[in-house]
Amino acid sequence: MKCLVLMIISFVHVGVCHLNCRGEVPRIRNCDKVCDENNICKIRAALLLPKNTSFDACLPAVSPVLDLAMEDPVIKNTFPPWLSVEWLKHDVADCDAAYAVISAIDAFNDCAHVFFGPACDFALASVARIAKFLGMNGTPMLTTGGFTFDFVKPKQTCEDEFYMLVRAGPLGFKDLAYFIIDLMRHFKWQQLLLINEPESQLHVAGKSTCHLMMKSFANFLKTEEIIYTPWDTTSDGGLNYTENLKFYLGYKYTNSNGGASQFYLIHMLIDQ
């Protein structure tokens, strides 16, 4: 958290560059400044999360944690005594991408210096694409989300899709993919079956969490030239798991003598 605070301070004190990501000379609003005409200095941080408690990262869960963290002596000592933080809370209804954009624009109109969230991947992508155009030189974003492989691409110039985004989470789908890849290489496995329920685990990263995880897995498995077979459990034509296992494993993963060959099965986040 201390590193995060130092990062925020460095973001909001960035000087005005010659041209912003629009290719224009930045236009400064009075509220873009951290200190007002009365020398009252405040960072306005917008929390962009859903009120819906079915999501892991929601306003009722995250907001009290941030308030508690701000009272910690370590955090207090990180800020200079003349600088305070004001939290602006905006509801990203049901982690929807359209509501996320509206919430971000509302937060910008409320003179937010930095966005915390969204945490759901589709909502995060929608806001992260426009954040570089908001404010003098863009509005920085920090999130524990951004699991999909698109979010691990370079974010260092205006040409990069998610230029203003900083991922603070410890793990992404790329990390999980390479855990599986390293495991397969260790045991010298050659192919695998990915079982996926696309709309499962919505509380983690919002809409299509498991579908996005499958896409990330597929992307890196192709990169590493590992053979895989996808199984979408929602398009089974009325067959149950037993019948499908007979098809996917019994027919595709046996040798000419009918004996089972070695295979590796990944059961991806299916609710039982």
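This is a predicted model: local features need pLDDT of at least 70, side-chain atom pairs count only at pLDDT 80 or more; totals for chains, interfaces and linings use all residues.

Trainee: Among contacts with a separation of 6 or more, what percentage comes from residues 24 or more positions apart?
Mentor: The count takes in the contacts in the protein whose separation is 6 or more. Residues 24 or more positions apart account for a share of these of 69%.

Trainee: How are helices α4 and α5 oriented to each other?
Mentor: Two packed helices are described by the angle between their axes and the distance between the axes. Helix α4 covers residues 97–109 and helix α5 residues 121–131; their axes come within 8 Å and cross at roughly 40 degrees. That angle makes α4, relative to α5, oblique.

Trainee: What is the handedness of that crossing, and which residues of α5 make the contact?
Mentor: The crossing in which α4 passes α5 is right-handed. On the α4 side the contact is made by A97, A100, V101 and A104. On the α5 side the residues are F122, A123, S126, V127 and I130.

Trainee: How many nonpolar residues does the contact of α4 with α5 have?
Mentor: By class, the contact of α4 with α5 has no charged residues and one polar residue. The nonpolar residues in this contact number eight.

Trainee: How are α6 and α8 oriented to each other?
Mentor: The axes of helix α6 (residues 173–187) and α8 come within 9 Å and cross at roughly 50 degrees. The crossing of α6 past α8 is right-handed. At this angle the two helices, α6 and α8, are therefore oblique.

Trainee: Which residues of α8 meet α6, and how many residues of the contact are charged?
Mentor: F173, K174, L176, A177, Y178, I180 and I181 are the α6 residues in the contact. From α8 come T209, L212, M213, S216, F217, F220, L221 and T223. Divided by class, the residues of the contact of α6 with α8 are eleven nonpolar, three polar and, for charged, one.

Trainee: What is the geometry of the aromatic pair F149 and F220?
Mentor: The structure holds six aromatic pairs. In the pair of F149 and F220, the ring centres are 6.1 Å apart and the planes are at 85 degrees. Planes over 60 degrees apart put a pair in the class called edge-to-face, so F149 and F220 are edge-to-face.

Trainee: How many residues apart in sequence are the parts that this pair ties together?
Mentor: F149 lies in the loop between β4 (141–143) and β5 (165–167). F220 lies in helix α8 (residues 209–223), so the pair ties together parts whose separation in sequence is 71 residues.

Trainee: Are F149 and F220 buried or exposed, and which residue joins them in a ring cluster?
Mentor: F149 has a relative accessible area of 14% and is buried. F220, at 9%, is buried as well. Ring pairs link F149 and F220 into a cluster with Y178.

Trainee: Where is the cis peptide bond, and what is its omega?
Mentor: Most residues other than glycine have a negative phi, and most peptide bonds are trans. P118 lies in the loop between β3 (114–116) and α5. The cis bond joins G117 and P118, with an omega of about -5 degrees.

Trainee: Is Q201 buried or exposed?
Mentor: Q201 is in the loop between β6 (191–196) and α7. Its phi is near 55 degrees, a positive value in a residue other than glycine. With a relative accessibility of 17%, under the 20% cut-off, Q201 counts as buried.

Trainee: Is E225 buried or exposed?
Mentor: E225 is in the loop between α8 and β7 (227–232). Although not a glycine, E225 has a positive phi of about 55 degrees. With a relative accessibility of 72%, E225 counts as exposed.

Trainee: Leaving aside neighbours within four places in sequence, which residues are in contact with H203?
Mentor: H203 belongs to helix α7 (residues 202–205), and its relative accessible area of 30% makes H203 partly exposed. Apart from neighbours within four places in sequence, the residues in contact with H203 are S54, F55 and D56.

Technical notes
Residues are numbered from 1 along each chain as its sequence is written. Side-chain values use heavy atoms; hydrogens and water are left out. Axes are lines fitted to C-alpha atoms, for helices over the stretch in contact, and angles run from 0 to 180 degrees between N-to-C directions. Helices (H or I, at least four residues) and strands (E, at least two) are DSSP runs, numbered from the N terminus. Angles under 35 degrees count as roughly parallel, over 145 as roughly antiparallel, 65 to 115 as roughly perpendicular and the rest as oblique. A crossing is left-handed if the near helix is turned anticlockwise from the far one by less than a right angle, and right-handed if clockwise. Contact means heavy atoms within 4.5 Å. Ala, Val, Leu, Ile, Met, Phe, Trp, Tyr, Cys and Pro count as nonpolar, Asp, Glu, Lys and Arg as charged, and the others, Gly among them, as polar. Rings of Phe, Tyr and Trp (its six-membered ring) pair if their centres lie within 6.5 Å; planes under 30 degrees apart count as stacked, over 60 as edge-to-face and the rest as tilted. Buried means under 20% relative accessible area, exposed over 50%, partly exposed in between (1.4 Å probe, protein chains only).
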